[in-house]
Amino acid sequence: AHLWYGLAKAMPSVNVMQATASGCKPTLTHPGSAEERCVALMDRMFDDYLPAHKVDTVVLAARWKREDLPRLDATLTRLRGQGLDVILFGPIIEYRSSLPRLLAVSDRMHDPAFVDEQRVDVSAVDRAIGKLARQKGARYVSLASAMCPAGHCLEVDGKGYPVQFDYGHLTGSGSEILARRVVAKYPTLSQGPIAAA
């Protein structure tokens, strides 16, 4: 959901639709701990909506973990088998605490490296999911590399406000900045209507 705002603004000629719910991952199957609302939403999207409606591209994004790979594999297999173009967004940069708090502590301690030290390493999951996407014929967008080009991660917007309001969710301005970066890095992203899940 935090990506929708920026993508819609960065691609005004594209009808970017959203089907998300907090904590729900867009996969065909779910872990035993998945809430019923997540199962119901994803069943509706994969079994009812997508087969009945023409969409040019399906975007899958979530707080991916390594244990999601088998479910993601099955989901990509089915979507690609239905002839759908799929863009898979990798994990976003995360922190061990909320980014605004970390920035405040960093400023108070006069320690610019503090925020970097509190960043969670998502590189292994990013690589694994990117490899899976390529194997399945899906396009892959590494949010980690878009947020951290040349090793320096986006932390604040042009006004100095944090681009994430907690451990990893984007603010409105953060969503806009990241979407502009993603569209610039992956220009084919803006071709045609997109259904985001």
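The crossing of α3 and α6 is right-handed. That is where I want to start. This is a predicted model, by the way. So read every value I quote as computed from a prediction.

Back to the pair. The axes of α3 and α6 come within 10 Å. They cross at roughly 25°. That angle makes α3 roughly parallel to α6. Helix α6 covers residues 123–136.

Who makes the contact? On the α3 side, L69, L72, D73, L76, T77 and R80. On the α6 side, A128, I129, L132, A133 and K136. By class, the contact of α3 with α6 has 7 nonpolar residues, 1 polar and 3 charged.

Now the other partner of α3. Helix α2 runs over residues 36–52, and helix α3 over residues 69–81. The axes of α2 and α3 come within 12 Å. Their crossing angle is roughly 15°. Angles under 35 degrees count as roughly parallel, and α2 and α3 are therefore roughly parallel to each other.

From α2, take F46, D47 and L50. From α3, take T75, R78 and L79. The contact of α2 with α3 divides into 3 nonpolar, 1 polar and 2 charged residues.

Q82 sits in the loop between α3 and β3, and β3 is 85–89. Q82 and L50 are 32 residues apart along the chain. Their C-alpha atoms are separated by 9.6 Å. Is Q82 buried, exposed or partly exposed? Its relative accessibility is 41%, so Q82 counts as partly exposed.

Let me zoom out. The protein chain has 8 helices and 7 strands. The radius of gyration is 17 Å. The globule rule gives 16 Å for 197 residues, which is close, so the chain is as compact as a globular protein of that length. The C-alpha trace spans about 55 × 40 × 30 Å along its principal axes. Buried residues make up 46% of the 197.

E94 is in strand β4, residues 94–95. E94 has a relative accessible area of 7%, so this residue is buried. What does E94 touch, leaving out residues up to four places away in sequence? The list is R63, K65, Q118, R119, V120 and Y167.

The second one is D157. D157 is found in the loop between α7 and α8. With a relative accessible area of 12%, D157 is buried too. Leaving out residues up to four places away in sequence, D157 touches V163, S173 and I177. For a sense of distance, take D157 and L60, which are 97 residues apart along the chain. Their C-alpha atoms are separated by 25 Å.

Most residues other than glycine have a negative phi. Here are two entries with a positive value.

H110 is one of them. Phi of H110 is near 55°. H110 lies in the loop between α4 and α5, that is, between 99–109 and 114–117. At 70% relative accessibility, H110 counts as exposed.

A150 is another. Phi of A150 is near 55°. A150 has its place in the loop between α7, which is 143–147, and α8, which is 172–185. The relative accessible area of A150 is 88%, so A150 is exposed. D157 comes from that loop between α7 and α8 as well, yet D157 is buried.

G23 is found between β1, residues 16–18, and α2. At 73% relative accessibility, G23 counts as exposed. G23 and A34 are 11 residues apart along the chain, and their C-alpha atoms are separated by 8.9 Å.

α3 is roughly parallel to α6. α2 and α3 are roughly parallel to each other.

Technical notes:
Residues numbered from 1 in each chain as written. Predicted model: local features only at pLDDT ≥ 70, side-chain atom pairs only at ≥ 80, totals over all residues. Heavy atoms only, no water. Axes fitted to C-alpha atoms, helices over the stretch in contact; angles between N-to-C directions. Helix = DSSP H or I, 4+ residues; strand = E, 2+ residues; numbered from the N terminus. Parallel < 35°, antiparallel > 145°, perpendicular 65-115°, else oblique. Contact = heavy atoms within 4.5 Å. Nonpolar A, V, L, I, M, F, W, Y, C, P; charged D, E, K, R; others polar. Rg over C-alpha atoms; globule rule 2.2 N^0.38 Å. Buried < 20%, exposed > 50% of the residue type's maximum accessible area, 1.4 Å probe, protein only. Left-handed = near helix turned anticlockwise from the far one by under 90°.
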